[in-house]
Amino acid sequence: MELTWLLILLAVCLGVAGVMGILMVAAAFKKQIIAEDIVLERLPAAFDGFRILFITDIHRRRLPEDMLNPLRGKVDAVLLGGDLTEKGSPIERLLDNLTLAASIAPVYAVHGNHDYRANITLVDRMIRGSGAMLLEDENHSMERAGARLILTGVDFPRKGGKMAYSSLPGVSEEDAGAFRMILVHDPLWLSRQQEVPADLILAGHTHGGQVVLPLLRNRHTDEFYRKYNAGMYEIPRAGESALPPLKMLISRGYGTAHLPLRWGSPAEMHVLTLRSGEKQHSV
């Protein structure tokens, strides 16, 4: 009798595990675009309404044409936050994704750790060949009506571990004090900075934990990731700085690492509308 009940319990557990597995796989292939405003006190008025399509951690996934094609002409820039591919992923898929992104708006990209595990020479050839600008610890200046926005791309370290970052590239005297936005794959970069001469950071890498089970929640071993996991954060400036808090958005990313499974951390892309000053606007 006891054996019968044990077999029934085992069958139930296997059934529940099977259903959860199917749901996790299905969640890994869902797609959504989150649209939100980001109010930035120092954003020049000329850039009020500047719209960004932000996508990170694509890995093996194919970007959805049905969702992205309608954005053509409705965003000002596409920012790709690293892990555009991974080892073993078809290079043709990377090319298709880059071609689609470049058809929507000018593309700016940085490397992620998985990009370096692929054939990085071929990956970089694909990125640049698509017309995208690959920022490897470089600044790119955008101008509108005499105002300037500086986009800085932080390259993921090729060697020396993920904290062996290069220093932020300097800006010219002309750009000193200009509004600056940083695109970096891993937000852990922030933990090694004494100060960040910027107003907004866009990052990914964490996948929001990717599989976040009830009760266990965020199980990252690094304390930084337990605090900065996914979503929008305001980070106070060091000392007595008169600058407003630094804002950082960490995306859960569009793809998955290792296994195509998600739970409690949905895949996402973003349409971000930059807004100047304190006035709130609807999305």
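Guide: What follows is a set of questions about labels and the values behind them.

Visitor: How do you know how far to trust the model?
Guide: This is a predicted model, so local features need pLDDT of at least 70 and side-chain atom pairs count only at pLDDT 80 or more, while totals for chains, interfaces and linings use all residues. Residues are numbered from 1 along each chain as its sequence is written, and side-chain values use heavy atoms, with hydrogens and water left out. The pLDDT is the predictor's confidence in each residue, from 0 to 100. For this chain the mean is 87, and 84% of the residues reach 70 or more. Over residues 279–283 the value is below 50, and that stretch has ten contacts in the model beyond near neighbours in sequence; a contact means heavy atoms within 4.5 Å.

Visitor: Why is D186 called buried?
Guide: Buried means under 20% relative accessible area, exposed means over 50%, and partly exposed is in between (1.4 Å probe, protein chains only). D186 has a relative accessible area of 0%, so the label is buried. D186 sits in the loop between strand 8 (179–184) and strand 9 (200–203). Helices (H or I, at least four residues) and strands (E, at least two) are DSSP runs, numbered from the N terminus.

Visitor: What makes the link between D186 and Y225 a polar contact?
Guide: The term asks for a pair of N or O atoms within 3.5 Å; within protein, one must be able to donate a hydrogen and the other to accept it, and residues adjacent in sequence count only if both atoms are side-chain atoms. The side chains of D186 and Y225 are joined at 2.7 Å. A polar atom of the D186 side chain also lies 2.9 Å from the backbone nitrogen of L188.

Visitor: What makes one face of helix 5 the buried one?
Guide: In helix 5 (residues 120–129), the buried residues include I120, V123, D124, M126 and I127. Seen down the helix axis, the buried residues fall within an arc of 160°, so they line one face of helix 5. That arc is taken from the directions from the helix axis to the C-beta atoms. The face turned away carries the exposed residues T121, R125 and G129. The buried residues pack against helix 3 (91–104), strand 4 (107–109), helix 4 (113–117) and strand 5 (133–134).

Visitor: How do you know that strand 11 pairs with strands 9 and 10?
Guide: Two strands pair if DSSP finds at least two bridges between them. Strand 9 and strand 11 have four bridges in the parallel sense, with L202 opposite L249. Strand 10 (residues 231–235) is joined to strand 11 by five bridges and runs antiparallel to it; there, Y233 has M248 as its bridge partner.

Visitor: What makes strand 11 mostly covered?
Guide: In strand 11 (residues 246–250), five of its five residues are buried. L246, M248 and I250 point one way, K247 and L249 the other, and all are buried.
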